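The sequence and the model are shown first.

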Amino acid sequence: MGDDMSKRDFRARVSAGDDYEIEYFTQQNGVSADQVRQLIKSHGNNRAALTEAARRCVSGNEKQRGQQATG
């Protein structure tokens, strides 16, 4: 008997090997594909953890741009 795939939550994880998942995550979170792959290496493939890390990454980049413009 095979696994019941309907009871598995694949959306809870981001697969670094699937380009379409990387692309989807980049569009949803405003980070580059390379940044997504680095975040997966650093934080694992849990979608919630990656989303939070991506938000911190984006907000950190915005702060750096603001400091460069004023400095």
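## Terms and model

A residue counts as buried when its relative accessible area is under 20%, and as exposed when that value is over 50%. The model is predicted.

## Overall fold

The chain contains 3 helices and 0 strands, and its elements follow the order α-α-α from the N terminus. Of the 71 residues, 21% are buried. The accessible surface amounts to about 5300 Å², with 47% of that belonging to carbon and sulfur atoms.

Among contacts with a separation of 6 or more, 38% are between residues 24 or more positions apart.

## Helix α1

Five residues of α1 are buried: Glu21, Ile22, Phe25, Thr26 and Asn29. They lie on the same side of α1, because the arc they cover around the axis is only 135°. Asp19, Tyr20, Gln27 and Gln28, on the other side of α1, are exposed.

## Nonpolar core

The largest nonpolar core is made of 10 residues: Val14, Ile22, Phe25, Val31, Val36, Leu39, Ile40, Leu50, Ala53 and Ala54. Two or more of its residues come from each of α1 (19–29), α2 (33–43) and α3 (47–70). In soluble globular proteins, nonpolar side chains tend to be buried together.

Which residues does valine 31 contact, leaving aside its neighbours within four places in sequence? They are Phe25, Thr26, Val36, Ala54 and Val58. Val31, Phe25, Val36 and Ala54 are listed in the core.

Methods: Residues are numbered from 1 along each chain as its sequence is written. This is a predicted model: local features need pLDDT of at least 70, side-chain atom pairs count only at pLDDT 80 or more; totals for chains, interfaces and linings use all residues. Side-chain values use heavy atoms; hydrogens and water are left out. Helices (H or I, at least four residues) and strands (E, at least two) are DSSP runs, numbered from the N terminus. Buried means under 20% relative accessible area, exposed over 50%, partly exposed in between (1.4 Å probe, protein chains only). Contact means heavy atoms within 4.5 Å. Accessible areas come from the Shrake-Rupley method with a 1.4 Å probe; for residues, only the protein chains shown count as cover. A nonpolar core is a set of buried Ala, Val, Leu, Ile, Met, Phe, Trp, Tyr and Cys residues joined through side-chain atoms within 4.5 Å. The arc is that of the directions from the helix axis to the C-beta atoms.
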